[in-house]
Structures are given as C-alpha cells and as structure tokens.
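This briefing covers salt bridges, aromatic pairs and pockets. Please look over the sequence and the structure first.

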Amino acid sequence: NMVGQEQLNIFKIVLLIGTLFVMFYTPYVRGLFFEPEQFVTQIIILSIFILFWIYKWIKNDRSFVKTPIDYAALGLVLAYFLSSFTAVSQRLAVSEFLKYAMYFVVFLILSDLVNSEKEKKFVLWTIVASALGVCIIGIDSVAGGKIVEVLNSLFKAIHLNINFFGLFVEGRIHSTMQYPNALASYLMAVFFIAIGLTITSGKWAKAVASSVSFVLLMTFVFTLSRG
C-alpha cells in the first residue's frame with residue numbers, strides 16, 4: 001500500500017509538472033491567440049486530462065465538479081457549446097468552445113491536484129516566472145533584440161516551429177503577445193500575483209517577488225496601453 005501511495009504521488013507530480021509546463025509556455029506562443037498553437041496545446045492538455053482521470057480512477061476518486069466556482073466554470077463552457085449551434089461561423093464557434101474547454105480542464109486539474117500551501121505557491125511562481133521571461137524578451141527587443149536572435153537561432157537549430165518577431169513596434173512593447181493591450185492586461189494580472197507573493201513569502205522570496213513586480217510594472221508602462 002505504501003509503495004502504491006508513493007507511485008501515486010509521483011504520478012500526481014508528473015501531472016502537475018505537465019500542466020504547469022503548458023501554463024508556462026503559452027504566453028510565448030502569442031498567448032494562444034492563433035489556431036495552430038491552440039491546436040497543439042489542446043492535444044497536450046487532452047493527453048494530461050486523460051492521465052488525470054486515470055490517476056483519479058486509481059485513487060478511487062469519482063468526483064468531478066465540487067464547488068460553486070467549478071459549476072460556474074463548467075457553465076461557461078456549456079454556454080459556448082450551446083451557442084456554437086446557432087453561430088454565424090460554425091468553425092470559429094467550435095474553435096472557441098474547444099479553447100474554453102481547455103481552460104476549464106486546466107482549472108479542474110489544478111483545483112483538484114493543488115492542495116497544500118507549497119503547491120499553490122509553486123503554481124503562482126510558475127505564472128510569475130513565465131511573465132518575467134515575456135518582460136525580458138520585450139525589454140531585450142527595445143535594446144536591439146540580442147537575446148531574441150539567440151533564441152530564434154536555437155529554435156531553428158532544433159527544428160521547433162517558433163519564431164519571435166514584432167516584439168517592439170512603433171515605440172510600444174508588444175513582446176511575444178504581439179499586441180500591446182493584450183500584453184498590458186496580462187502583465188497587470190500577473191503583477192497582482194507577484195504582489196501577493198511579496199506579501200506572503202519569506203525573506204529571499206519576498207525580495208525576488210518584489211524585484212519581479214518592478215520589472216512587470218516597468219514593461220507594462222512601456223506597452224503605452226490606455227486600456
């Protein structure tokens with residue numbers, strides 16, 4: 001039984017790392033705004049979701065939606081599903097439904113697997129670290145794009161279909177989102193997470209979170225977004 005529990009814990013960690021990996025990289029592929037990137041991510045998330053249900057089955061946990069927030073999130077997905085029947089563009093509506101289904105799956109996996117304070121912090125730090133990378137790429141693009149050149153050649157060398165461009169246009173930082181207003185709203189959301197981590201963390205983590213907050217805010221200012 002102990003061995004079984006240990007293997008379950010490893011299974012859980014693998015599921016969490018897989019989900020956090022997806023959450024980490026999505027801002028770098030234009031925030032999943034375009035369908036090719038969405039499609040690849042949906043396949044990855046679906047695979048993780050299948051493994052997640054295998055994990056729950058082994059654990060003998062048959063629960064699905066539990067809290068009012070779970071029901072509200074599921075309701076949003078169902079609303080998109082129902083509206084796709086009467087949509088002007090069927091294809092776009094189905095694509096939008098799949099996108100919201102993917103968001104719901106990530107939400108469900110995290111709300112089910114993340115229980116301890118340590119795990120919650122880990123999720124929040126992943127989001128903050130990802131946003132910091134987006135800021136560094138944005139600031140680098142203002143300074144001439146040396147880091148971006150290295151990254152693009154690396155992607156080319158390993159035959160990865162990613163290419164960073166349009167990061168700084170007409171005096172505004174677009175970074176990997178390629179749209180300054182989208183970048184600004186994303187950075188503001190993560191800024192509040194970083195502030196939360198600054199308040200709740202220990203000495204060293206507090207210093208790191210506070211430094212990251214500064215970088216997020218500085219990049220946000222140079223998006224010149226009035227939205």
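How many residues apart in helix H1 are phenylalanine 21 and tyrosine 25? They are 4 residues apart, which means that about one helical turn separates phenylalanine 21 from tyrosine 25. The model is predicted. The points below start with the aromatic rings, then turn to the salt bridges and the pockets.

**Aromatic pairs**

- The structure contains 15 aromatic pairs.
- One of them joins phenylalanine 21 and tyrosine 25, with 5.2 Å from centre to centre and 50° between the planes, and this pair is tilted.
- Tyrosine 25 has a relative accessibility of 16%, so the residue counts as buried, the limit being under 20%.
- A cluster of linked ring pairs is made up of Phe49, Phe52, Trp53, Phe64 and Phe104.

**Salt bridges: glutamate 119 and lysine 12**

- The structure has 7 salt bridges.
- One of them is between the side chains of glutamate 119 and lysine 12, with an N to O distance of 3.1 Å.
- This pair links distant parts of the chain, as glutamate 119 belongs to helix H5 (residues 117–142) and lysine 12 to helix H1 (residues 2–25), 107 residues apart.
- Glutamate 119 has a relative accessible area of 21% and is partly exposed, whereas lysine 12, at 13% relative accessibility, counts as buried.
- The two partners fall into separate classes because buried means under 20% relative accessible area.

- Lysine 56 forms a salt bridge with aspartate 61, and their closest N and O atoms are 3.0 Å apart.
- Both aspartate 61 and lysine 56 are buried.
- Another salt bridge brings together the side chains of lysine 56 and aspartate 112, at 2.8 Å from N to O.
- Aspartate 112 is in helix H4 (residues 90–113) and lysine 56 is in helix H2 (residues 35–58), so this pair ties together parts 56 residues apart in sequence.
- The relative accessible area is 12% for aspartate 112, which is buried, and 1% for lysine 56, which is also buried.
- Through shared partners, salt bridges join Lys56, Asp61, Lys66 and Asp112 into one network.

**Largest pocket**

- The volume of the largest pocket is about 960 Å³.
- The lining of the largest pocket consists of 33 residues, and those closest to its centre are Met23, Thr26, Pro27, Tyr103 and Tyr186.
- H1, H2, H4, H5 and helix H7 (180–200) are the elements that give two or more residues to this lining.
- The element that gives the most is H4, with 7 residues.
- Sorted by class, the lining of the largest pocket comprises 23 nonpolar, 7 polar and 3 charged residues.

**Second largest pocket**

- The second largest pocket holds about 580 Å³ of space.
- Its lining has 22 residues, with Tyr28, Val29, Glu37, Asn161 and Ile162 nearest the centre.
- At least two residues of this lining come from each of H1 and H2.
- H2 provides the largest share of the lining of the second largest pocket, with 5 residues.
- By class, 15 residues of this lining are nonpolar, 5 are polar and 2 are charged.

Definitions and conventions:
Residues are numbered from 1 along each chain as its sequence is written. This is a predicted model: local features need pLDDT of at least 70, side-chain atom pairs count only at pLDDT 80 or more; totals for chains, interfaces and linings use all residues. Side-chain values use heavy atoms; hydrogens and water are left out. A salt bridge is a side-chain nitrogen of Lys or Arg within 4 Å of a carboxyl oxygen of Asp or Glu. Buried means under 20% relative accessible area, exposed over 50%, partly exposed in between (1.4 Å probe, protein chains only). Rings of Phe, Tyr and Trp (its six-membered ring) pair if their centres lie within 6.5 Å; planes under 30 degrees apart count as stacked, over 60 as edge-to-face and the rest as tilted. On a 1 Å grid over the protein atoms alone, a cavity is a set of points where a 1.4 Å probe fits but cannot get out, and a pocket is an open set with protein on both sides within 12 Å along at least five of seven lines; lining residues have an atom within 4 Å of a point. Grid points are joined across faces, edges and corners, and a volume is the space filled by probe spheres set on the points. Ala, Val, Leu, Ile, Met, Phe, Trp, Tyr, Cys and Pro count as nonpolar, Asp, Glu, Lys and Arg as charged, and the others, Gly among them, as polar.
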